[in-house]
Amino acid sequence: MATTLARAPSGRTFFGHPWGLATLFFTEMWERFSFYGMRGILVLFLIAPPAQSGMGLAEGTAKALLGVYMAMVYFAALPGGWVADRILGARRTVLAGCTVIMCGHVAMAVPAGPGPVYLGLALIILGSGLLKPNISTMVGRLYAQEDDARRDSAFSLFYLGVNIGALAPFVVGYLGENVDWHLGFGAAAAGMALGLTQYVLGARHLRGVGDQPGHRLTPDERRRLVRAAAAVLAAAVPAAAVAAVLLGGITVDDVTVALTAPAVAVPVVYFAYLFRSREVTAEERTRLRAYVWLFAAAALFWMIYDQAAGPLNIFAARSVDLTVFGWRMPASWTQNINPIMIICLSGFFAWLWLRLGDRVSIPQKFAFGLVMCGLSFAVMAVAAHAAAGGARVSLLWLVAVYLLQTVGELALSPVGLSVTVKLAPRAFVGQLLGVWFLAVACGDALGGQVARLQDVWGGVRYFLLLGAVTVAAGAAMFAFARTLNRLAGQGGGREPSTAAVP
């Protein structure tokens, strides 16, 4: 079937794609540069003593704050998608998101105590929610035909931009750890400024792509929205004041616990709603039962995987020999190991899954991802034991950990959106795609709270127990893979080719 290719005014293409993909590619790349760069040094900054220009937070508090921050970035994607669909349209929503994210990083670059840091984190969460779901939507809308074979290729290129941007700790980490924390945050702000600038300059290549909201609010709906927002704000302010009085002041720990609750509760409530909905048929309800287990497996996977920026980052700083040819590299540089491995191994795994075809089902891929992630923490337990007493272990321990996690990610993550589309009730496909990202939010929020146990149990017991639980969950999913396939209505496990969008 012939397709219409939306070209730039000059007729140029980007690797055979509309030139608008180049605009979105570099916007996402620089946004990920700012996100992963700041994430690479955040926990180190939070636990650094004030004498070293850090925040001086307790390790448990810092890890919980990091986990909740990452969770809220994904949680905010739901209202961010709603804003684009009902108010601004995707193109203007992404523009607003870029601007707000840049302002957040600028705030964190100001060395004026904890106030600008918390303000910056809040702005980055808000901006990421506006940008994240909608820039992916715009990639798909570059193509006039739904069956354009170039769409999957476009998402693969887009994902490459994500992983290039994820190498940001090479710059942000070096400046933050070796020069000044706030200079590192400033570098993240500069990266987002570059992304915003090229997005504005490349806007002409995106004409007709997400210009208008898909289902604009009516005037009556706008009025009800304003009244509801005013009522929530009016109730929230006194409620916070009462809580502060009753608790003797609201701490950072109180906030992290409060934000963990919705990250876990919203998916539970939403699935309960789907199971009770009259718009869900009996057959769809059966498939949904299989999907709930896959969602839970994904949440557990991300709970372990995303501890790289917290416990593993701190371990790198304190217990790993980072000396290379007589020069000690920044601990945050270890955060680059995973994206480098993804870039190197993605092609092989794309070939492998194509080669295996329907001989490996989706539940088996999820199970394999869980087992690999669990084994990575078993390796971390051995490394923590070797580092007992203040010894520094070889960097190869972390390389092995991240290799196992990368292999697990490449088994689980790329099929997440695909299986969501396949198993979602027909009336809720769009909404369930947003819910899929809540698996990351749920896992990250729980991971931040679970990470507190490391201070109580010690590193060896902490990594070993979490690793064992995850491996056991993977083994259980392997055992029940055939049952899950039957619930999902799948004879084998073949799924349509779908690129992973982080």
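Modeller: Arg-318 has a relative accessibility of 47%, so it counts as partly exposed. Keep in mind that this is a predicted model.

Biologist: Why is the pair of Glu-59 and Arg-318 called a salt bridge?

Modeller: The rule asks for a side-chain nitrogen of Lys or Arg within 4 Å of a carboxyl oxygen of Asp or Glu. The closest N and O atoms of Glu-59 and Arg-318 are 1.9 Å apart. Therefore the pair meets the rule. Glu-59 belongs to helix α2 and Arg-318 to helix α12 (residues 311-319), so the bridge ties together parts 259 residues apart in sequence.

Biologist: How do you know that Arg-452 and Asp-253 form a salt bridge?

Modeller: Their closest N and O atoms are 2.8 Å apart. The limit is 4 Å, so the pair counts. This pair also links distant parts of the chain, 199 residues apart. Arg-452 sits in the loop between α17 (429-450) and α18 (453-457), and Asp-253 in helix α10 (residues 252-276).

Biologist: Are those two partners buried or partly exposed?

Modeller: Arg-452 has a relative accessible area of 22%, so it is partly exposed. Asp-253 is at 26% and is therefore partly exposed too. Elsewhere, salt bridges with shared partners join Asp-220, Arg-223 and Arg-224 into one network.

Biologist: What makes Arg-32 and Glu-31 a salt bridge, and are they buried or exposed?

Modeller: The closest N and O atoms of Arg-32 and Glu-31 are 2.7 Å apart. Arg-32 has 1% relative accessibility, so it is buried. Glu-31 is at 2%, so it is buried as well. The cut-off for buried is under 20%.

Biologist: How many salt bridges does the rule give?

Modeller: The count comes to ten.

Biologist: What makes the phi of Ser-53 worth a remark?

Modeller: Most residues other than glycine have a negative phi. Ser-53 is not a glycine, yet its phi is positive, near 65°. Ser-53 lies in the loop between α1 (20-47) and α2 (59-75). At 36% relative accessibility, Ser-53 is partly exposed.

Biologist: Where is Phe-325, and why is it called exposed?

Modeller: Phe-325 is in the loop between β3 (323-324) and β4 (327-328). Its relative accessible area is 87%, and exposed means over 50%, so the label holds. Phe-325 also has a positive phi of about 55°, although it is not a glycine.

Biologist: Which residues have the most contacts inside the largest nonpolar core?

Modeller: They are Met-38, Tyr-69, Phe-315, Phe-366 and Leu-432, in a core of 118 residues. Leaving aside neighbours within four places in sequence, Leu-432 is in contact with residues including Tyr-270, Phe-271, Leu-288 and Tyr-291. Another core, of 25 residues, lies apart from the largest one and has Ala-22, Val-139, Leu-157 and Phe-158 among its members.

Biologist: Why are α11 and α16 called roughly antiparallel?

Modeller: The axes of helix α11 (residues 282-305) and helix α16 (residues 416-423) cross at roughly 160°. Angles over 145 degrees count as roughly antiparallel, so α11 and α16 get that label. Their axes come within 10 Å. The crossing is left-handed. Residues making the contact include Arg-287 and Tyr-291 of α11 and Val-419 and Thr-420 of α16.

Biologist: How do you know that α10 is roughly antiparallel to α11?

Modeller: The axes of α10 and α11 cross at roughly 170° and come within 11 Å. That angle makes α10 roughly antiparallel to α11, because the cut-off is over 145 degrees. The α10 and α11 crossing is left-handed. Among the contact residues are Phe-271 and Leu-274 of α10, with Leu-288 and Phe-295 of α11.

Biologist: What makes Ser-277 buried, and what does it touch?

Modeller: Ser-277 is at 8% relative accessibility, and the cut-off is under 20%, so it counts as buried. Ser-277 lies in the loop between α10 and α11. Not counting residues up to four places away in sequence, Ser-277 touches Arg-285 and Phe-428.

Note on methods. Residues numbered from 1 in each chain as written. Predicted model: local features only at pLDDT ≥ 70, side-chain atom pairs only at ≥ 80, totals over all residues. Heavy atoms only, no water. Helix = DSSP H or I, 4+ residues; strand = E, 2+ residues; numbered from the N terminus. Buried < 20%, exposed > 50% of the residue type's maximum accessible area, 1.4 Å probe, protein only. Core = buried A, V, L, I, M, F, W, Y, C linked by side-chain atoms within 4.5 Å. Contact = heavy atoms within 4.5 Å. Axes fitted to C-alpha atoms, helices over the stretch in contact; angles between N-to-C directions. Parallel < 35°, antiparallel > 145°, perpendicular 65-115°, else oblique. Left-handed = near helix turned anticlockwise from the far one by under 90°.
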